[in-house]
Amino acid sequence: MRRGIAASALVASLALAATACGGGSSDSGKAGGPVTITWWDTSNATNEAPTYQALVKQFEAANKNIKVNYVNVPFDQAQNKFDTAAGSKGAPDILRSEVGWTPAFAKKGYFLPLDGTEALADQAKFQPSLIKQAQYQGKTYGAPLVTDTLALVYNKALFKKAGITDAPKTWDELKSDAAKIDSKDKVYGYWGSTQAYYAQTFLYGEGTDTVDATAKKITVDSAAAKKAYGTWLSLFSGQGLHKADTTADAYAHIQDAFVNGKVAAIVQGPWEITNIYKGSAFKDKSNLGIAVVPAGSGGKAGAPTGGHNLSVYAGSDKAHQDAALKFVKFMTSATSQETIALKNSTLPTRSDAYTAQVKADPGIAGFQSVLTAAQPRPELPEYSSLWVPLDTELSKIAGGKEPLDQGLSNAEVAIAKLVPDFSK
């Protein structure tokens with residue numbers, strides 16, 4: 001799940017405007033003429049999009065009767081833009097959809113079920129948990145394109161200089177390591193994020209979540225959640241621990257400090273691998289350490305499963321849907337996924353795409369090794385929306401503007417409005 005804002009948002013927005021809403025192609029595919037399908041790609045416009053654009057050209061070369069109108073839409077804007085466009089019957093034929101969007105769009109009838117279609121002809125090759133995460137009420141609404149999770153990424157050289165040989169297994173060990181690194185290297189040992197998505201690791205570590213979807217109960221203010229967020233909050237103060245950054249550019253600040261060797265460890269996802277390699281501290285790729293996020297008080301470690309599916313718009317006509325299904329099959333094939341992994345350092349979703357060449361990338365190999373700790377999200381349409389009020393409250397808590405108990409109580413009230421049939 002890519003949390004950063006695309007650097008080329010303005011360019012992408014102009015491209016989007018130029019194509020109107022994207023889905024209303026003037027051709028109908030009749031009389032054997034070419035069909036033009038529109039794809040909204042939500043990948044990073046600078047680091048990832050060129051790979052997808054090159055694959056589009058390959059697809060068009062192999063399928064002369066199909067043209068692909070490629071539009072790069074900033075990730076942070078795509079969900080709302082698609083929701084608006086689909087509601088007015090003007091959505092693109094294909095969306096690179098974050099996995100958390102699937103239940104909501106499927107519930108609204110915006111996504112076409114892919115079961116039994118050409119798009120999922122190789123379904124057995126995909127990781128079963130990722131297919132499950134693309135489903136809603138027993139039907140599959142996306143073909144998994146890339147997957148991800150969060151991990152503790154660290155600077156091996158800085159850890160070694162401080163006499164630390166292994167990645168910390170618990171948050172207390174991380175605090176101890178941070179103090180050692182600060183004493184020896186005079187740099188921060190750890191810099192945490194105030195974003196709710198990153199704080200999920202603390203909830204999972206205490207065996208809880210923002211809600212219990214099965215019991216239909218809000219748990220963000222439970223004793224377990226308070227313990228989890230208490231640990232999260234404690235990592236913003238102490239020797240070697242960077243204070244909370246509550247500015248709009250916090251994500252970039254944390255990332256820049258890590259890649260340039262000014263902080264030894266952060267929690268991050270594989271979507272930043274290519275950027276990490278560009279940093280002065282990681283010219284030698286082998287200096288990048290990747291470990292499972294530290295465990296909670298019960299010894300359990302967990303991180304959210306993220307990633308993106310390719311979903312087909314249910315409002316397109318048959319000619320466009322057929323062309324879109326063919327395109328989805330091509331883009332999620334083993335060959336295409338291998339290309340994407342090698343170019344973008346992202347994780348494939350199917351076993352046969354993890355070739356020897358792909359696994360030779362230490363970043364990919366490292367993140368593949370921590371996928372066992374990744375937890376899929378519940379089949380709840382509102383689930384991803386729950387992080388919105390939490391982002392607001394956690395920033396206030398970390399910034400010292402309100403106490404933890406008050407912030408979680410406020411979050412509970414806000415979440416109750418999003419899931420009114422859930423009990424507290």
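**View 1. Pro 144 and its partner in strand 13.** In strand 13, Asn 309 is the bridge partner of Pro 144. Strand 13 covers residues 306–312 and runs antiparallel to strand 6, with five bridges joining the two. Strands (E, at least two residues) and helices (H or I, at least four) are DSSP runs, numbered from the N terminus. The model is predicted: local features need pLDDT of at least 70, side-chain atom pairs count only at pLDDT 80 or more, and totals for chains, interfaces and linings use all residues. Residues are numbered from 1 along each chain as its sequence is written, and side-chain values use heavy atoms, without hydrogens and water.

View 2. Five strands line up as 2-1-3-13-6, with mixed pairing. Two strands pair if DSSP finds at least two bridges between them. Strand 2 (66–72) and strand 6 (143–148) are the edges, each pairing on one side only. From one strand to the next, the twist averages 20° (axes are lines fitted to C-alpha atoms; angles run from 0 to 180 degrees between N-to-C directions).

**View 3. The second largest pocket.** Its volume is about 180 Å³ (the space filled by probe spheres set on grid points, which are joined across faces, edges and corners). A pocket is an open set of points on a 1 Å grid over the protein atoms alone, where a 1.4 Å probe fits, with protein on both sides within 12 Å along at least five of seven lines; lining residues have an atom within 4 Å of a point. The lining has 13 residues; Trp 171, Glu 206, Thr 231, Gly 296 and Ser 297 lie nearest the centre.

**View 4. Helices at the second largest pocket.** Helix 7 (171–185) and helix 9 (223–234) each supply at least two lining residues. Helix 9 gives the largest share, four residues.
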